[in-house]
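Here is a short report for someone meeting this structure for the first time. Please look over the sequence and the 3D view before reading on.

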2 protein chains.
Amino acid sequence: MLKDKGLVAELISSLRCLPGVGPKSAQRMAFHLLQQDRQIAKQLAQSLNNAAEQVGFCERCRTLTEHPLCSVCNNPARDPSQLCIVESPADVMTIDQATGFKGLYFVLHGRLSPLDGIGPQELQLDLLDQRLQSGEINEMILATNTTVEGEATAYYIREMAENRQVRSTRIAHGVPLGGELDYVDSSTLSHAFSGRQDM
Amino acid sequence: MLKDKGLVAELISSLRCLPGVGPKSAQRMAFHLLQQDRQIAKQLAQSLNNAAEQVGFCERCRTLTEHPLCSVCNNPARDPSQLCIVESPADVMTIDQATGFKGLYFVLHGRLSPLDGIGPQELQLDLLDQRLQSGEINEMILATNTTVEGEATAYYIREMAENRQVRSTRIAHGVPLGGELDYVDSSTLSHAFSGRQDM
């Protein structure tokens with residue numbers, strides 16, 4: 001794009017492919033990298049190349065990994081009777097870091113969205129069905145996003161689990177911890193109200 | 001660092017070397033790059049490598065460039081009688097984009113800071129003195145930052161220019177455009193007040 005403007009401008013324009021990085025941040029990043037030890041920039045380039053070339057999908061849960069099986073699926077200490085369904089590989093990392101969940105995952109890489117041509121085949125739900133059929137899963141935890149498509153996907157997968165006599169649960173939705181009621185949007189509050197529990 | 005955790009974790013940890021990127025943004029960037037067209041990640045790696053290996057300093061103004069002379073110094077349309085002194089290569093780009101300045105630059109790569117062992121030698125002020133001595137400069141514009149060290153550096157360089165009978169100017173300091181007086185810090189306001197001009 002800006003190739004004729006030199007390597008610094010080219011680096012700035014390449015850095016803009018990163019999410020959340022505008023022209024000003026890209027400029028700051030480029031100058032920071034070039035004014036520091038250059039080894040750091042080279043190390044980043046190396047990591048990018050390695051990851052771009054070698055990272056593929058886990059054969060079992062479809063998260064990102066450079067091995068046939070990811071570190072979660074490959075860990076004998078994890079409980080195979082609990083299966084958590086998420087929309088993206090980032091969700092796997094987020095849930096693993098935030099919760100004490102010790103089961104396995106299945107990554108949809110998207111959500112059902114007929115208007116965009118994303119149906120059960122695109123999410124490879126047949127792969128999920130095989131796992132439900134295997135009989136080793138006692139509980140399937142649906143952790144898709146709480147968007148319209150995420151909810152629809154959760155309902156669709158719940159039906160699949162029902163057909164295989166697997167219990168399905170949905171992560172709780174409601175008022176975030178530390179949140180003040182005044183700042184919570186009305187649909188969340190209404191959901192939290194109707195989903196009240198004995199205490 | 002996290003090499004044993006796999007290439008994705010390694011990429012996340014490498015991305016954290018970028019300024020303003022914390023663990024959460026690094027994670028988001030890594031997953032974004034790996035879920036997009038991989039060619040984009042490779043292109044970024046290529047740009048990083050090219051820049052890290054080939055970019056050096058302009059022989060004349062010391063900004064970052066992969067050529068002996070930067071595109072500003074090499075441009076015959078620029079006016080060599082005006083010289084703008086800045087602290088970093090990023091400032092060159094910022095001033096060139098924001099103002100209509102058509103003169104040349106000199107990059108200090110820092111500021112005088114005796115406590116940190118940064119004196120005139122470290123800023124290569126002898127190189128600047130040669131240019132002042134050459135007689136082609138009519139006006140030297142001091143655009144160092146308005147920190148204590150930046151101001152001290154500006155005064156030091158002004159003395160140098162005085163010795164060579166070169167006129168020096170300082171960029172204006174005062175209330176930012178669009179700023180409300182109520183939100184401006186007191187030292188800026190006091191500076192703006194004492195520096196008032198006829199209108």
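## The sheet in chain B

In this predicted model, strand β3 (residues 82–86) of chain B runs parallel to strand β5 (residues 139–142) of chain B, and four bridges join them. B:L83 stands opposite B:M140 in β5(B). Strands are DSSP runs of E, at least two residues long; helices are runs of H or I, at least four; both are numbered from the N terminus. Two strands pair if DSSP finds at least two bridges between them.

The open sheet has four strands, ordered β4-β3-β5-β6 (chain B), with parallel pairing. From one strand to the next, the twist averages 25 degrees.

## Where the chains meet

Chain A has 46 residues in contact (heavy atoms within 4.5 Å) with 46 residues of chain B. Two salt bridges are counted between chain A and chain B. In a salt bridge, a side-chain nitrogen of Lys or Arg is within 4 Å of a carboxyl oxygen of Asp or Glu. The side chains of B:E53 and A:K42 form one, at 3.7 Å, N to O.

On the side of chain A that touches chain B, α1 (7–15), α2 (23–35), α3 (38–54) and α4 (89–98) of chain A each give two or more residues. α3(A) gives the most, with 15 residues.

## Reading the model

Residues are numbered from 1 along each chain as written, and chains are lettered from A, ligands numbered from 1, in written order. Local features need pLDDT of at least 70, side-chain atom pairs count only at pLDDT 80 or more, totals for chains, interfaces and linings use all residues, and side-chain values use heavy atoms, without hydrogens and water.

Definitions and conventions
Axes are lines fitted to C-alpha atoms, for helices over the stretch in contact, and angles run from 0 to 180 degrees between N-to-C directions.
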